[in-house]
Amino acid sequence: MLLIDGKKTSEEIKSEIGASVAQIKEKGGKAPHLAAILVGNDGASQTYVGAKVKACEQVGFESTLVRLEETVTEEELLKVVEEINQNDEIDGLIVQLPLPKHISVEKVTNKIKPEKDVDGFTPANVGRMTLGWPAYVAATPYGIVELLKRYNIETSGKHCVVIGRSHIVGSPMSILMARNEYPGNCTVTLTHSRTQNLPEITKTADILIVAIGKPEFVTADMVKEGATVIDVGIHRIADASKKSGFKLIGDVQFDEVAAKASAITPVPGGVGPMTIASLLYNTLLAAEGKVYSK
Ligand SMILES: Nc1nc(=O)c2c([nH]1)NC[C@@H]1CN(c3ccc(C(=O)N[C@@H](CCC(=O)O)C(=O)O)cc3)C=[N+]21
């Protein structure tokens, strides 16, 4: 069984990005600049935003973290987004999710200028990705594509089953795996909460992408011998033996499924770190004007 190591791959990607930044600077260009807006004090969000800021430093990006109170109004947040949209010093902008209930994710996402939408969440980028046009592909799907590519996983003509149809993982994944370029050309089945006889379907998957958001949902009896399994789940569960008091598990029962799979991503150390590396990659594209001309 091949362990698909997202941690190692994300480090490789970050050193490639670091080399690109060094080249930009050598030619007198300015370092790519990522801005992140964090509303409130949600623990996990602070961890992730902290990891993103640290990753920016690691690759030589500029980064700006804007922290707003949980009680910030939607209007005030939209104003901050617009200020960053207009700030030519900043190449990429993300608004860390989730947002407080009184704020519309749709309105805030739509406010982000597509040229700076390095999360790839705006309709402009989702639409372009769907059409196969140059776009900032959402960080998690892009990270999965990079893992499949760098581990030379065979995809053409294979049956890819995606579990979960979220707009930031499942749905874009189903499009990317069917498109006519490697690692695509799969026959794709997109499953979700209304799918009947799910195990009958997942057992026919050569490539199984699990983004259902349920801890250890996928068990060995749901997986075909020799399948490639990509676990997008990330759940913190109490574990007194850990210093942090919790451990991370995914949507897949790792041990028993790894015994059947030909390749599998672990949690932690799989798709998660790739999400950050992909965000940095999109920010580099934004800085170089490679998707939207400056
Ligand atoms: N606008 C926005 N964009 C996001 O991309 C976004 C977001 N909001 N909200 C939350 C999710 C979650 N997310 C992760 C980032 C890194 C890891 C990651 O590095 N995980 C490590 C473990 C990190 C830890 O120790 O907790 C791993 O799986 O190995 C996981 C999840 C990005 N998100």
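Analyst: The lining of the largest pocket contains 25 nonpolar, 15 polar and ten charged residues. In this classification Ala, Val, Leu, Ile, Met, Phe, Trp, Tyr, Cys and Pro are nonpolar, Asp, Glu, Lys and Arg are charged, and the others, Gly among them, are polar. The model is predicted: local features require pLDDT of at least 70 and side-chain atom pairs pLDDT 80 or more, while totals for chains, interfaces and linings use all residues. Residues are numbered from 1 along each chain as its sequence is written, and side-chain values use heavy atoms, with hydrogens and water left out.

The volume of the largest pocket is about 1,400 Å³. Among the 50 residues that line the largest pocket, Tyr-48, Thr-140, Ile-234, Gly-272 and Thr-275 are the closest to its centre. A pocket is an open set of points on a 1 Å grid over the protein atoms alone, with protein on both sides within 12 Å along at least five of seven lines; a cavity is a set where a 1.4 Å probe fits but cannot get out, and lining residues have an atom within 4 Å of a point. Points are joined across faces, edges and corners, and a volume is the space filled by probe spheres set on them.

Helix α2 (43-59) is among the elements that each supply at least two residues of the lining of the largest pocket, as are α1 (6-26), β4 (92-95) and α10 (271-288). The largest share, nine residues, comes from α2. Helices (H or I, at least four residues) and strands (E, at least two) are DSSP runs numbered from the N terminus.

The domain assignment, which is automatic or from a database, gives domain 1 (27-113) and domain 2 (139-272). Because both domains contribute residues to the lining, the largest pocket lies between them. The C-alpha centres of domain 1 and domain 2 are 28 Å apart.

The ligand is surrounded by 15 residues, of which Val-95, Gln-96, Leu-97, Asp-119 and Gly-269 are the closest; a surrounding residue has a heavy atom within 4 Å of the molecule. A backbone N or O atom of Leu-97 is 2.9 Å from a nitrogen atom of the ligand. For Asp-119, a polar side-chain atom is 2.7 Å from a ligand nitrogen atom. Gly-269 has a polar backbone atom 2.6 Å from an oxygen atom of the ligand.

Leu-97 is also joined to Pro-98 by a cis peptide bond, with omega near 0°. Pro-98 belongs to the loop between β4 and α4 (105-111). Most peptide bonds are trans.

The structure also contains three cavities of 30 Å³ or more. The largest cavity holds about 50 Å³ of space, and its lining includes Val-95, Leu-97 and Asp-119. By class, five of its lining residues are nonpolar, one is polar and two are charged. The second largest cavity holds about 40 Å³.

How values were computed: Polar contact = N/O pair within 3.5 Å; in protein donor to acceptor, adjacent residues only side chain to side chain.
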